[in-house]
Amino acid sequence: MTKRHGYALLAAIIAVIVGLSTAIYVGVAADDGSAGTSALGRAGAPRDPAAPASAGIWVGSWSASPAGAEPGTEAFGMAGRSVRNLVHTSVGGTSARITLSNLYGRTALTVTHASIAVALASDTAAASADTMRRLTFGGSTTVVVPAGQQVLSDAVRIVIPQGGDVLVTTYSPTPSGPVTYHPHARQISYVAEGDLTEEVTGTGYTEQTPFWRYLTALDVLSNESDGTVVAFGDSLTDGITSTQNANHRWTDVLSERLRSAIRSGQDLPRYSVVNEGISGNQVLASGPGRPADNQSGLSRFSRDALARTNVKVVVIDLGVNDILRNPRLADPDKILDGLRTLVRAAHSHGIKVIGATLMPFQGHRGYTPAREAVRQQINAEIRSGRIYDAVVDFDKALRDPYNPRRLRSDYDSGDHLHPTDRGFEKMAQAFDLNEFKGSAPAQL
């Protein structure tokens, strides 16, 4: 071989190596950065070969925490019935995937048929016919979710609208109870006898329900969002007193605020907002049972906040129930230590944390001056900047200026603890949207 031919061969080999390296780099750079998942349900997912190769990243568009075992479903679960959950999206996308949970089941949950479709309206089980899609799990229409675990579906091509309503339907032919559910959905969903998973008219869905069953997350492949904001809290985040079917929780309003600000040209991160509130939730204490109903914030933070898809910011609004539900006077230092533990966990994942001050509750049956003093002590520490990366002052936004121990009357739903729709809107308005910029501190 001549020297000239040797150089030519060497150049050809180098070109092949560069080409392969570039292909590998492009493949890695196109990833959304989320980890893979098992039946235990980390929020990221293996790539689905049927998913589109379009631009965009996976983000959370809707979520709800598994909160407990549905009473009356211990023996048979929802066997022989189609469960059609209706959920409201934060952002849209070109593909979707769902998470199903059997956290509170005592036996395996077998789902033989599941579907996703865009709803015709916010108050109907009817689907837009051309959007009906069959869901698969590892390429199969049937999935078995072991007791205590969750599973992520394959991605499916479907155009999910921003701020729209989506139907996710599951059918299980065999008994598997109790049902894992979220009781305070503030959204009507539907149930039908038999396998009507891909029925589009909705006429077979004669039973209405105020619960979300099995479904705990809807992710979308989005071109309009760069990450997810997780709202982590109690009934104030759950929106327990907001108008049913109206999407007036503060998280819904915040999502719309962010979208509107970006449309108007403001320099803000394009984030979706998902709701991980559970009514009655506490920082420190869980409910009874194994696994515990209403798991404490410390127990569920990893699953419900850190393991959601492409999380950039967590908003924490917890602590009021630790004060109100403690049979003795709550220790503010223990509550604050619990909040600091949540923040450290978020920082270990590079996630920024915005924390909320605790709103007033004078007039509520649990109010005492001593409990008010605990609330004030916690709020003082939150405002000091020694707990969170940034603070949203819900207390200042909603308190009565003439009696700061009470909610302002037009923000009070009547129980002197939970807001009206107007109060939830005020909570969303209390955020400085610029605080969503940036990330967790470099020094962890």
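Colleague: Which residue in β11 is the bridge partner of His-113?

Modeller: Tyr-171. Strands here are DSSP runs (E, at least two residues), numbered from the N terminus. This is a predicted model, where local features need pLDDT of at least 70, side-chain atom pairs count only at pLDDT 80 or more, and totals for chains, interfaces and linings use all residues. Residues are numbered from 1 along each chain as its sequence is written, and side-chain values use heavy atoms, with hydrogens and water left out.

Colleague: How many bridges join β6 to β11?

Modeller: Two strands pair if DSSP finds at least two bridges between them. Here six bridges link β6 (residues 113-118) with β11 (residues 165-172), and the two run antiparallel.

Colleague: What is the strand order in the open sheet?

Modeller: Its six strands go β7-β6-β11-β3-β13-β14, with antiparallel pairing. β7 (133-134) and β14 (207-209) are the edges with a single partner strand each, so one side of each has no neighbour in the sheet.

Colleague: And how do I read a cavity?

Modeller: Rolling a probe the size of a water molecule over the atoms shows where empty space is left. On a 1 Å grid over the protein atoms alone, a cavity is a set of points where a 1.4 Å probe fits but cannot get out; lining residues have an atom within 4 Å of a point. Searching the whole structure turns up one cavity of 30 Å³ or more.

Colleague: Which strand gives the largest share of the lining of the largest cavity?

Modeller: β12, with three residues. Among the lining residues are Thr-180, Tyr-181, His-182 and Trp-212.

Definitions and conventions
1 Å grid on protein atoms, 1.4 Å probe; cavity = no way out; pocket = protein on both sides within 12 Å on 5 of 7 lines; lining within 4 Å. Points joined across faces, edges and corners; volume = space filled by probe spheres on them. Helix = DSSP H or I, 4+ residues; strand = E, 2+ residues; numbered from the N terminus.
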